[in-house]
Amino acid sequence: MKVFTSQLLGFFLFFFFYHRQAWAHYKFVVKEVPYTRLCSTKNILTVNGQFPGPTLYVHRGDTIVVDVYNGGKYNITIHWHGVTQPRNPWTDGPEYITQCPIQPGAKFRQKIILTTEEGTLWWHAHSDWTRATVHGAMIIYPKWGTTYPFPKPDAEISIILGDWWKQDIKKVLDELLLFGGEGNYSDAFTINGQPGDLYPCSKQDTFRLKVERGLTYLLRIINSAVQDMLFFAIADHNVTVVGSDASYLKPFKRSFIVISPGQTIDVLLEANQNPNHYYMAAKSYTVAAEGVFDNTTTTAIVEYSGNYTPSSLPVFPYLPYYNNTLASVNFTASLRSLADKEHPIDVPMEINTHLFYTLSMNTFPCPNKSCAGPNGTRLLASVNNISFVNPEFDILEAYYYCIPGVFGIRFPDFPLLFYDFTAEYYPLNFEIPTRGTEVKILDYNSTVELVFQGTNLLLGSDHPMHLHGFSFYVVGVGLGNFDNEKDPLTYNLVDPPLQNTIIVPVDGWLTIRFKANNPGVWYLHCHFDRHMVWGMDAVFIVKNGKSPEAKLPPPPNDMPPCYYKAVPITSKVANSLGPDICPIHVEIK
């Protein structure tokens with residue numbers, strides 16, 4: 001009997017540990033379904049019919065598999081925002097950067113490899129502007145047997161901030177690209193897919209968060225908005241910020257937060273007020289002129305349990321004025337990594353690759369001044385005055401197979417011209433960028449310091465910059481022109497926050513550091529989708545290292561096909577490019 005019991009216990013232990021190690025498997029079916037908002041109904045693209053889409057629940061260090069079926073009418077890709085995907089750019093997702101799109105009726109199995117990420121991330125479409133409705137949360141719990149570095153909350157809730165257009169989102173993008181102007185802005189912001197009380201035909205579906213006095217709630221806040229940074233607050237409640245971009249922070253209290261598109265922020269909400277109904281609200285933070293952005297406010301209701309008579313109207317929170325740049329910069333500057341024994345940091349101290357990237361709004365001449373930008377021009381954006389042009393064949397496969405003619409390798413480390421980047425006036429020719437598909441090659445294991453410098457060309461703007469394939473340390477931020485002698489003295493190298501998306505302030509600078517230890521092709525772009533399609537993008541190619549564990553593996557067998565008349569390249573020609581440019585030298589059959 002003892003032997004049988006031991007065998008049975010062994011079987012259950014094997015079964016438990018085997019399934020703990022097995023990859024979780026999800027199925028995403030992309031399809032159009034009708035949704036009603038703001039008094040009208042339209043078809044929107046969704047995953048599994050849900051808006052927002054399904055939440056992925058994983059643990060630190062897990063690997064999961066998602067089968068993506070494209071049941072829609074248009075091409076699609078899915079990106080796992082903030083997941084570093086070590087040696088796995090093949091399923092990172094950005095269209096024509098690491099893959100060609102999944103065509104209607106096709107399927108692509110995507111492997112998502114988690115390493116040190118812990119907290120809140122999200123996934124979203126990365127083709128055109130389909131992420132407006134194709135997105136969802138990714139909750140990454142601590143490793144089995146460990147817990148949070150703060151008292152365990154009584155409940156956890158995802159708060160996805162988004163936006164809504166009455167017009168079809170594809171038509172919004174098509175018109176922007178056709179006419180060359182700013183395009184239409186959204187008609188509403190949303191909290192968990194609902195606009196809230198202040199919009200027509202919306203009150204009955206306002207999202208409600210029911211809380212019990214004396215309990216603590218972990219709010220996992222995600223900004224999925226296509227174009228807008230947002231101020232967010234809850235009336236009469238401070239929140240304690242404890243994490244951002246799946247990395248823990250030294251806790252600090254705030255009456256409001258600012259969150260950029262692509263960013264996630266985890267906060268603790270203590271239900272410590274008198275029982276009542278309280279608004280949580282979000283509105284745009286922007287330096288645009290009034291009348292040219294979505295100046296509406298989305299709301300949800302924090303509703304205390306118990307027997308009481310609530311106020312006739314929920315209490316409304318204080319939110320900073322829409323263009324309060326100092327409020328935004330001060331919040332970003334408050335982020336500090338936990339940096340303790342259980343959560344160490346590894347900031348590169350010896351830098352061997354220095355980069356300086358200007359972020360600019362630009363114009364480009366149109367024939368007969370026929371476009372909708374200033375003086376009949378077309379609006380563009382640039383990094384180091386290069387406005388990125390998406391190729392017709394993905395850069396990753398072109399790199400892996402040494403296919404010529406898809407990209408160049410001369411992206412500049414510094415702008416070709418240094419000037420007063422925050423001046424009020426410039427020569428008109430400064431506004432015209434070079435257009436092209438250039439990449440920056442990084443040596444494996446190089447240590448990179450990248451200074452982003454916002455410029456006031458055409459119109460200064462904040463820029464939420466997102467880097468695929470890496471998290472980076474934000475070691476410095478300031479307003480005005482970066483001073484190479486003075487500003488590095490202010491760097492925080494002790495406990496800088498570890499981010500994947502960060503706001504570069506208007507007419508200001510921000511410095512990041514990271515170690516280029518992830519071979520492959522990785523996208524860097526502004527997470528304002530309008531700026532991204534205008535060309536505020538760059539691409540890093542990280543070369544292979546020497547060991548097998550530092551080399552890019554072959555692509556999966558079911559990579560979506562590309563259709564591009566590229567000339568095959570022989571191994572002899574590939575070798576002439578230099579062994580450091582192509583990871584392998586093969587002849588394309």
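Which residues have the most contacts inside the largest nonpolar core? The structure is a predicted model, in which local features need pLDDT of at least 70 and side-chain atom pairs count only at pLDDT 80 or more, while totals for chains, interfaces and linings use all residues. Residues are numbered from 1 along each chain as its sequence is written, and side-chain values use heavy atoms, with hydrogens and water left out.

The largest nonpolar core comprises 92 residues, and those with the most contacts inside it are Leu219, Phe452 and Phe514. Strand S13 (residues 229-234) supplies the largest share of this core, namely six residues. Apart from this core lies another, of 47 residues, including Leu45, Ile64, Ile112 and Val134. A nonpolar core is here a set of buried Ala, Val, Leu, Ile, Met, Phe, Trp, Tyr and Cys residues joined through side-chain atoms within 4.5 Å. Buried denotes under 20% relative accessible area, exposed over 50%, and partly exposed in between, with a 1.4 Å probe and protein chains only. Helices (H or I, at least four residues) and strands (E, at least two) are DSSP runs, numbered from the N terminus.

When neighbours within four places in sequence are left aside, Phe514 is in contact (heavy atoms within 4.5 Å) with Pro348, Leu442, Ser446, Thr447, Val448, Leu467, Phe470, Ser471, Phe472 and Phe540. In S32 (residues 537-542), six of six residues are buried.

Two strands pair if DSSP finds at least two bridges between them. Strand S24 (residues 440-442) runs parallel to S32 and is joined to S32 by three bridges; Leu442, also a contact of Phe514, has Val542 as its bridge partner. Strand S31 (residues 520-526) pairs with S32 in the antiparallel sense over six bridges, and Leu524 stands opposite Ala538.

Phe51 and Pro52 are joined by a cis peptide bond with omega of about -10°, and Pro52 is found in the loop between strand S2 (40-47) and strand S3 (56-59). Ala339, in the loop between helix H3 (325-333) and strand S20 (353-364), has a positive phi of about 50° although it is not a glycine. Ala339 is partly exposed, with a relative accessible area of 31%. Asn368, also not a glycine, has a positive phi near 55° and lies in the loop between S20 and strand S21 (378-383). With a relative accessible area of 79%, Asn368 is exposed.
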